[in-house]
Amino acid sequence: MTSWQPLPDELQPLPHFACYLLRELQLAEMPTKQQLSILQWMEHGPDRQITVGFRGVAKSTMAAFYALWRLRLDPFNEKILIPGSTAEKAVEITTFMLRCIRDIDILQCLMPRPDGRSSARAFDVGPSIVDQSPSVRAVGILSPSLTGKRCTCAIPDDIETLNNSITPLKQERLAQAVTELEAILKPDEGQPLPRRIMYLGTPHLETSLYLQTLVRQRHYQIRFWPARYPNPADPDEIDCYEGSLDPLLSAEVEDDESLVGRPTDPERFGHDELLKREMGMTRAAVQLQFQLNCRLSTMDRFPIRLGDLIVMDLDGKTLPETISWASAPEQRIHDLSSPGLGTDRWYHRPILVNGWVPQKEAWHCGLFIDPAGRGSDELAWTVLAELNGNLFVLENGGTTRGYEPEVLQLLAEKAKRWNVNICVAESNMGDGMFSALLQPVMSRIHAVTVEEERVSGQKERRIIDTVAPLVQQHRLVVNTEVIKNDWLGAERDPETGHVRSLMYQLSRITVERGCLQFDDRLDSLALGCKWFVDAAAQDQQIAAANRQEEMEDWMRQAWFDESGAFIDSLAMGYRPQRLGRAYGGVQRPLTKA
């Protein structure tokens, strides 16, 4: 084992150090332009950073070089922790580091001692001082052994996967592990290198741990290196980076517009190579893996967008006869806060409202209730009206007080306020007990019968199949008061306020079972939507049956009509009622055979 000597001055910059290692390993003559930019970011970037590079840019290799660089500069005190999505994934990096130490001359002074730790899961470099923590440790991010470990630099590599973040419970466990990394970081005691946590990964959704927790809540700085130059004039291409595109890439494409769409790293991934890879992938996968744009994959997973709603003031006395949606900037409502994902941050007012119809003439209004199940579930309600195929959300709310008399009184008063003529409660819980409790109160305050509706099937799919088509077709209109109260109520409860809100549940529901921590308010809305959709379907079936009966009656009359007028009119597409005008206002009598 070679004795440790300070690193030569010419190799002390990290890019020079990485270039030397690449040549010694015979991997390349020097790092590519994007790899050099990543190395500069790792060396001089903030102490809380996230590196997001396209698939194949060698983020993990550059991170291994960074870890070796830190160990070579200060082998006595440096403690590197490499968490991965699994321990096996992290061991791949430490195994590569051990091989570099063994094969490269300037790193051989770091060879583990024969009497020290030397496995790929945990090893000490030769000059390290005696310490409970090894110089390098590989661990799974959700491993119980993570607690209590100490480090001066943590390099979590692709810790977020579909398996460990698909449900709210798993997301919470992952967020707790990320918090643990902050706790196990050693304090700065004047060492030459800063204490640092640097994440490597690609956000798969706009709800990703990297974007939602680290960047927006904990103020980590993030930087993106896509595979092709984006168009700075196209918001759909540039907005997804939220101002964190690599400054060198941004400056290059702004100075030379001909670079738009061309490879950013042609030394390793030229145009033909990228085309080969893109041909076998969906557009959303290409945008995610190579352009680092997770918005298409977010839209694929989250089918309901708040921007597809129509928002307007409704008093419950009249409803618009016709209404049209638009997403132009002048239709955006700027004074309503939205919990939507990414660019789904706006509600839109209608572009056209034509005529107003009072309730007593043509439309129905209903109160739809999802009774509380147990535990922290809410008893939720929605007041929903229907007119001309459009559904109007007049009120939505929930309470955790269950079946208390005050809650039943409140529901009856809501029914009276909006003059509902339909009251439907989900009957899955209690076998009709809730309806039996509510009916006397309702009869005393607002005389309407409480019906029961039984639902079945996976809840998430049922809700999406019911609500998503209405929202996507811009047939769901929401009262402005509903959105204001929804946001204010969420802000008053910092613990679970937003996850209980209707708009949060609308924008976050997916087909995965248990995707929402709470879904009661959305479930009450889906109950109302399903009731009106089913009623419309029944009306259509009745109309179709009446039409069929009428056609059969016409055919019978045509059979007995000696003049042939019925047959002629049916063949020409006329309704038989018009026969009188066709024959000079005289309807010929029909005779029986």
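In this predicted model, helix 1 and helix 3 are in contact: Leu14, Phe17, Ala18, Leu21 and Leu22 of helix 1 meet Phe65, Tyr66, Leu68, Trp69 and Arg72 of helix 3. By class, these contact residues comprise nine nonpolar, no polar and one charged. The axes of helix 1 and helix 3 come within 10 Å and cross at roughly 110 degrees. Helix 1 is therefore roughly perpendicular to helix 3.

**Helix 2 and its helical partners**

Helix 1 (residues 14-24) also packs with helix 2, their axes coming within 9 Å and crossing at roughly 130 degrees. This angle makes helix 1 oblique to helix 2. The crossing of these two helices is right-handed. From helix 1, the residues involved are Leu14, Pro15 and Ala18, which meet Leu36, Leu39, Gln40, Met42 and Glu43 of helix 2. The contact of helix 1 with helix 2 is made up of six nonpolar, one polar and one charged residues.

Helix 2 (residues 33-44) in turn packs with helix 3 (residues 59-73) at an angle of about 40 degrees, the axes lying 10 Å apart. Helix 2 is therefore oblique to helix 3, and it passes helix 3 in a right-handed crossing. On the side of helix 2, Gln35, Ile38, Leu39, Met42 and Glu43 make the contact, while helix 3 contributes Lys59, Met62, Ala63, Tyr66 and Trp69. Seven of the residues in the contact of helix 2 with helix 3 are nonpolar, one is polar and two are charged.

| Helix pair | Angle between axes | Axis distance |
|---|---|---|
| Helix 1 and helix 2 | roughly 130 degrees | within 9 Å |
| Helix 1 and helix 3 | roughly 110 degrees | within 10 Å |
| Helix 2 and helix 3 | about 40 degrees | 10 Å |

**The sheet**

Strands of a sheet pair through backbone hydrogen bonds, either parallel or antiparallel. Here, seven strands form an open sheet with mixed pairing, in the order 3-4-2-5-6-1-7. Strand 3 (122-123) and strand 7 (221-225) are the edge strands, each pairing on one side only. Strand 3 pairs with strand 4 (residues 136-140) in the antiparallel sense, over two bridges. Within this part of the sheet, Ala122 has Arg137 of strand 4 as its bridge partner.

Helix 2 packs on the sheet as well, where it touches strand 1 (48-53), strand 6 (196-200) and strand 7. The direction of helix 2 makes about 170 degrees with that of strand 7. Helix 4 (residues 87-103) lies across strand 2 (80-84), strand 3 and strand 4, and runs at about 160 degrees to strand 4.

**Confidence**

The average pLDDT of the chain is 87, and 90% of the residues score at least 70. Where is confidence lowest and where is it highest in the chain? The lowest mean, 42, belongs to helix 22 (residues 579-582), whereas strand 18 (residues 476-479) has the highest, at 97. Over residues 578-593 the pLDDT stays under 50, and the model has 18 contacts beyond four places in sequence for these residues.

Notes. Residues numbered from 1 in each chain as written. Predicted model: local features only at pLDDT ≥ 70, side-chain atom pairs only at ≥ 80, totals over all residues. Heavy atoms only, no water. pLDDT = per-residue confidence, 0-100. Helix = DSSP H or I, 4+ residues; strand = E, 2+ residues; numbered from the N terminus. Contact = heavy atoms within 4.5 Å. Axes fitted to C-alpha atoms, helices over the stretch in contact; angles between N-to-C directions. Parallel < 35°, antiparallel > 145°, perpendicular 65-115°, else oblique. Left-handed = near helix turned anticlockwise from the far one by under 90°. Nonpolar A, V, L, I, M, F, W, Y, C, P; charged D, E, K, R; others polar. Pairing = 2+ DSSP bridges.
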